[in-house]
Amino acid sequence: MTVNDLSSGEGTVHINYPLQALNAAPAKGLESAVNRIASILLSAADYVQLNGKVRYLGVTDRFRDVIETFHPADGEIPAGFRIESTLEADGLLLTDLVRDISYDKNGVKRPTGVIFSADSANPHEVAPIAPLLGNLTCNPGIVYDLFINNPEANVGNRFKTRDEVMTELGRILGPGCDISVELNNPFEEDFSKILEECERFKEILSEYRLVVKVPHTGPVNPENVPQLLSGDKHLDTRFDQATTAGALRGHNLALRLREHGYRINYTLMFEPYQTAMALQAKPYFINSFIRHRAKQTSKIKQLLDIYNLTGEVRYLEELRTFFLANDYLSKTETDRSLFDVLKIAKDIVAYRNIENDAGADGLDGVRHNLLLLRNTNLRDTRLIICSMEGEYNYPDIDRLLAEYAYRDVADRVIITAEPQYLARFTSANQVVSYQRRFMNAVDSAK
């Protein structure tokens, strides 16, 4: 029996019983595995319910597979798993390990409900922050452009393939961290080739850590994707002019992969209106991208305000150019009516709530998605808040998640950014001031 269970808060008095207090024998042949759970604490209420009813202690096949996959130290359970037990009719208490990155090793919850993630495929960059992470995300741009093909990052050209990079990241991050890897080509029409790619990911990372990133595809499809790779690299189709099949390609791909047992990170979610349909694909992660959307909204509002103030047409023309460059308009719409441009700009500013408290910080999409997450029937789905920069994005997110209104969904949030961006918010000016004082005090004592 233990008192003052620190996992519930220091000084909080609880009476807990280790599982072995039930005096149940290990199931035959499972002695070593049962030893890993013998010290797991039961609440007093659970102990009363189970005492006298449990004759044997056992573990599931998945429990044993997790141990064989990650080889934790004797008597330990690896991080990244929730412990769940079922009492069978014959008195066998069967313990399972369920993938859940809310948990550190031995079934103890992480320090906070909010989990941190990194956007990086650079093992050198990930290593210092690895013990603090519950997830890592990488897409082809991060893997190839920012690391493998970047001699400043990939020192000595040590890593030559994505498989090599994923293997090293898996080693550094350990069992408790999910790794979201994006498909190289979501437009591949041979589904068996997509499955082969996912199987290779699973071989490297294990089924327990792998999350497959599937993107929204919008108007992009196997026929027109070459337009993004040549010429001016712009589509002749506007973002909202997709065929039904094209627009839902990512949704259906996510569902198919889920049927094959893969957890899905459904990515490229910029507007709140994307979320409800995305949730129908039963993703493990949904996303709120905030950086580019917020910056673009500010630019649109700035040009719109200047036009409203001056009435000069050139600011509408500048808006049209901006819309063409950023895919609000297709490359066939260079002569789109300035009246239409004005209406589009007004609609965007109104929808994104930049002129009121709901969106002035660029987090209206986050607020919307947290509300939807609260009402979803998908127990394990989490929201990744991603794509951030500057002085205020992270502090504003931190403030939002501390609000009372979101207390019940904060533990379903993952904050992800480049490691260096997260690192900058571990400090403050007074850290320097106090370290100056401390180090000088020590130096004077020599």
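Which residue stands opposite Arg263 in E12? Select Val211: that is the residue opposite Arg263. Keep in mind throughout that this is a predicted model.

**Stop 1: E11 and E12**

Select residues 210-215 and 263-267. These are strand E11 and strand E12. The two pair in the parallel sense, over 5 bridges. Now look at how E12 is enclosed. Buried residues are those under 20% relative accessible area. In E12, 5 of the 5 residues are buried, so the strand is largely enclosed by the rest of the structure.

**Zoom out**

Show the whole chain. The protein chain has 17 helices and 15 strands. Its C-alpha trace spans about 85 × 70 × 50 Å along the principal axes. Of its 446 residues, 46% are buried. Take the contacts with a separation of 6 or more: 65% of them come from residues 24 or more positions apart.

**Stop 2: the sheet with E3 and E6 at its edges**

Select E3, E5, E7 and E6. These 4 strands form an open sheet in that order, with mixed pairing. The edge strands are E3 (25-26) and E6 (81-87), each pairing on one side only. Inside the sheet, pick E5 (residues 56-59) and E7 (residues 92-99). They pair in the parallel sense over 4 bridges. Click Gly58 and you will find Leu94 of E7 opposite.

**Stop 3**

Select residues 382-386, strand E14. Is E14 mostly covered or mostly uncovered? Mostly covered: 5 of its 5 residues are buried. Arg382, Ile384 and Cys386 are buried on one side, Leu383 and Ile385 on the other.

Strand E13 (residues 285-289) runs parallel to E14 and is joined to it by 5 bridges. Strand E15 (residues 413-417) also runs parallel to E14, joined by 3 bridges. Centre on Ile384. It stands opposite Asn287, and also opposite Ile414 in E15. Then show helix H15 (residues 393-401), which makes a right-handed β-α-β unit with E14 and E15.

**Stop 4: H11 and H12**

Select helix H11 (residues 291-310) and helix H12 (residues 314-325). Their axes come within 9 Å and cross at roughly 160°. Angles over 145 degrees count as roughly antiparallel, and H11 and H12 are therefore roughly antiparallel to each other. The crossing is left-handed. For the contact, show side chains on both helices. H11 contributes residues including Gln296, Ile300, Leu303, Leu304 and Tyr307. From H12, residues including Tyr315, Leu316, Leu319, Phe322 and Phe323 take part.

**Stop 5: Arg352**

Select Arg352, in the loop between helix H13 (338-351) and helix H14 (364-375). Why does Arg352 count as buried? Because its relative accessibility is 6%, and the cut-off for buried is under 20%. Now display its contacts, leaving aside neighbours within four places in sequence. They are Glu271, Arg293, Gln296, Thr297, Tyr328, Gly359 and Asp364.

Note on methods:
Residues numbered from 1 in each chain as written. Predicted model: local features only at pLDDT ≥ 70, side-chain atom pairs only at ≥ 80, totals over all residues. Heavy atoms only, no water. Buried < 20%, exposed > 50% of the residue type's maximum accessible area, 1.4 Å probe, protein only. Pairing = 2+ DSSP bridges. Right-handed = clockwise from strand over helix to strand, strands pointing away. Contact = heavy atoms within 4.5 Å. Axes fitted to C-alpha atoms, helices over the stretch in contact; angles between N-to-C directions. Parallel < 35°, antiparallel > 145°, perpendicular 65-115°, else oblique. Left-handed = near helix turned anticlockwise from the far one by under 90°.
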